[in-house]
Amino acid sequence: ANQTYPALQPQRIELPAYLNTPARRPDNAPVTPEEKNTSIKRIRDLEMLTFACRRANKIREEGRAYFSLGVLQDNIGNYEKAIKSYANFLKVCKECNDTQGCALAYHCLGVDHQIKGTNDGKPDMLRKSLYFHNKHRESSDSVGKFVAHLNMGIAYSELGEKEAATVNHQY
């Protein structure tokens, strides 16, 4: 008998609580109307905060606000908007030479492109996710490298490239 397994989901890296970023919900989990309304209010506040931080030249705080925006957008399934927030987060991290922040931004961009590619059946989005997962791998510590290889293996598997999936899952 042929055994089928549920599709693997890309893995996310959780940040420590002291960084005071929003809690992340499981991807593709249903959102209640109250959760969505609360998130939308927080998103509006954070959008204002990113603008204020830029004007006050508080670059690191601006970056944290962009990251938080991305998490909140992810939480309500707005992956395209989350991708824009994470791209802005990456830009800010590059401005202040924050290599750990860049690695986190690449990770988030990779996961969101992977989710969009899988959910929408778009191989080009999965290929783009591989680019970001590879950038994450190049700029990470050993835990980050492990997560990047895991996610790359899942993406390659989704694309039907079994050899590349196997190679990445061996790390």
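**Exercise 1. Aromatic pairs**

Find which residues ring pairs link into a cluster, and characterise the aromatic pairs.

*Solution.* Step 1. Ring pairs join Phe67, Tyr86 and Phe89 into a cluster. The model is a predicted one: local features need pLDDT of at least 70, side-chain atom pairs count only at pLDDT 80 or more, and totals for chains, interfaces and linings use all residues. Residues are numbered from 1 along each chain as its sequence is written, and side-chain values use heavy atoms, with hydrogens and water left out.

Step 1. Apply the ring rule: rings of Phe, Tyr and Trp (its six-membered ring) pair if their centres lie within 6.5 Å, and planes under 30 degrees apart count as stacked, over 60 as edge-to-face and the rest as tilted. By this rule the count comes to 3 aromatic pairs.

Step 2. Take Phe67 and Phe89. Their pair is tilted, with 5.4 Å centre to centre and 55° between the planes. Phe67 belongs to helix H2 and Phe89 to helix H3, 22 residues apart, and the pair links distant parts of the chain. Helices here are DSSP runs (H or I, at least four residues), numbered from the N terminus.

Step 3. Check burial, where buried means under 20% relative accessible area, exposed over 50%, and partly exposed in between (1.4 Å probe, protein chains only). Phe67 and Phe89 are both buried.

Step 4. Turn to Tyr131 and Phe132. Their ring centres are 5.1 Å apart and their planes lie at 75°, so this pair is edge-to-face. Tyr131 is partly exposed because its relative accessible area is 46%, whereas Phe132 counts as buried at 11% relative accessibility.

**Exercise 2. Salt bridges**

*Solution.* Step 1. Side chains of opposite charge can pair when their charged atoms come close. The criterion is a side-chain nitrogen of Lys or Arg within 4 Å of a carboxyl oxygen of Asp or Glu. A search of the whole structure finds 11 salt bridges.

Step 5. Asp120 is partly exposed at 37% relative accessibility, while Lys116 is buried at 14%.

**Exercise 3. Positive phi**

State where Asn20 and Asn97 lie and give the phi of each.

*Solution.* Step 1. Most residues other than glycine have a negative phi.

Step 1. Asn20 has a positive phi, near 55°, and sits in the segment before helix H1 (33-55). Its relative accessibility is 66%, so Asn20 counts as exposed.

Step 2. The phi of Asn97 is positive as well, near 50°. Asn97 is in the loop between H3 and H4, and counts as exposed because its relative accessibility is 68%.

**Exercise 4. Cysteines**

How many disulfides does the structure hold?

*Solution.* Step 1. The test is a pair of cysteine sulfur atoms within 2.5 Å. The structure holds 0 disulfides.

Step 1. For Cys96, the nearest cysteine sulfur is that of Cys93, 5.8 Å away. For Cys108, the nearest is again that of Cys93, at 9.9 Å.

Step 2. Cys108 is buried, with a relative accessible area of 1%.

**Exercise 5. The largest pocket**

Describe the volume and the lining of the largest pocket.

*Solution.* Step 1. On a 1 Å grid over the protein atoms alone, a pocket is an open set of points where a 1.4 Å probe fits, with protein on both sides within 12 Å along at least five of seven lines; lining residues have an atom within 4 Å of a point. The volume of the largest pocket is about 690 Å³.

Step 1. Of its 28 lining residues, Leu15, Leu19, Gln100, Gly101 and Leu104 are the closest to the centre.

Step 2. Helices H2 (59-75), H3 (79-95), H4 (99-120) and H6 (142-158) are the elements that give two or more residues to the lining.

Step 3. The lining divides into 14 nonpolar, 9 polar and 5 charged residues. Here Ala, Val, Leu, Ile, Met, Phe, Trp, Tyr, Cys and Pro count as nonpolar, Asp, Glu, Lys and Arg as charged, and the others, Gly among them, as polar.

Note on methods
Grid points are joined across faces, edges and corners, and a volume is the space filled by probe spheres set on the points.
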